[in-house]
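The exercises below go through one model step by step. Please look at the sequence and the structure first, and then try each task before reading its solution.

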Amino acid sequence: MAQNLAGPEIERLIQLLARVPGLGPRSARRAVLHLMKKREDLLHPLGEAMRIAAERIVTCSECGNLDTMDPCSICRDPRRDPSILVVVENVGDLWALERAGAIRASYHVLGATLSPFDGVGPEDLSLPKLVERATGGSVKEVILALNATVEGQTTAHYITDLLTEAGVKVTRLAHGVPVGGELDYLDEGTLSAALLSRTAIG
Ligand code: ZN
């Protein structure tokens, strides 16, 4: 094993940063070197920002989003349409949909998707709260924005059964040709899904 190049405080920083998705030991080392050079401009403000965030980040008791207030900024936003509830697996998916900016709806974060193989069952998902919100009166449509994976689609079926029984309208994201996509390059599963999800023009 290579010898440590720096003191234990710096090695610890590198080890912690290396656990961040998108970074690895090499990138973490490079990032720490940069932070060490930019102590005043970057390392001190970053340390302070992380300390404050670590103290204040909470899970929204309404939707499951992560924020520094409960209810979260999205749940407090009066410009959102409370009749549409978008169900996502995790906060990253919520952020992705918000970046797209296509809809100003409310959200519900499940926290996981069903995966019997990995021992993830319905009790591990935020389902009772979803049913409570969906049947509370103001919601007219629940949009399932789940991954087009086996786990995502198993979860979508489960929730559809649960909410349809309760008389709630459930829709899901279309599956198919990506924007800018060329048919020739698509896999058979995507092409079949696109054909089955075809919509009328005009
Ligand atoms: Zn919220």
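**Exercise 1.** Find which helix gives the largest share of the lining of the largest pocket.

*Solution.* Helix H3 gives the largest share, four residues. Together with H3 (39–56), helix H1 (8–17) and helix H2 (25–37) each supply at least two residues of this lining, helices being DSSP runs of H or I with at least four residues, numbered from the N terminus. The lining includes Leu 13, Leu 35 and Met 50, and by class it holds ten nonpolar residues, one polar and no charged. The space in this pocket comes to about 290 Å³.

This is a predicted model, in which local features need pLDDT of at least 70 and side-chain atom pairs count only at pLDDT 80 or more, while totals for chains, interfaces and linings use all residues. Residues are numbered from 1 along each chain as its sequence is written, and side-chain values use heavy atoms, with hydrogens and water left out.

**Exercise 2.** State which residues are the protein donors of the zinc ion, and why their arrangement counts as tetrahedral.

*Solution.* Begin with the donors (N, O and S atoms within 2.8 Å of the metal, or 3.2 Å for Na, K and Ca): they are the SG atoms of Cys 60, Cys 63, Cys 72 and Cys 75, which lie 2.3 Å from the zinc ion. Along the chain, these donors follow the spacing C-x2-C-x8-C-x2-C. Next, consider the angles: the four donor atoms subtend 104 to 115° around the zinc ion, and therefore the arrangement is tetrahedral, a term that requires all angles of four donors to lie between 85 and 135 degrees. Finally, Cys 60 has a relative accessible area of 3% and so is buried, where buried means under 20% with a 1.4 Å probe and protein chains only; Cys 63, at 3% relative accessibility, counts as buried too.

**Exercise 3.** Work out which residues line the largest cavity, and describe the place of Gln 153.

*Solution.* The largest cavity has a volume of about 40 Å³, and its lining consists of Leu 144, Leu 146, Gln 153, Ala 156, Arg 172, Leu 173 and His 175. A cavity here is a set of points on a 1 Å grid where a 1.4 Å probe fits but cannot get out, a pocket is an open set with protein on both sides within 12 Å along at least five of seven lines, and lining residues have an atom within 4 Å of a point. Gln 153 sits in helix H7 (residues 150–165) and is buried because its relative accessible area is 19%.

Definitions and conventions
Tetrahedral: all angles 85-135°; square planar, octahedral: opposite > 155°, others 65-115°. Buried < 20%, exposed > 50% of the residue type's maximum accessible area, 1.4 Å probe, protein only. Points joined across faces, edges and corners; volume = space filled by probe spheres on them. Nonpolar A, V, L, I, M, F, W, Y, C, P; charged D, E, K, R; others polar.
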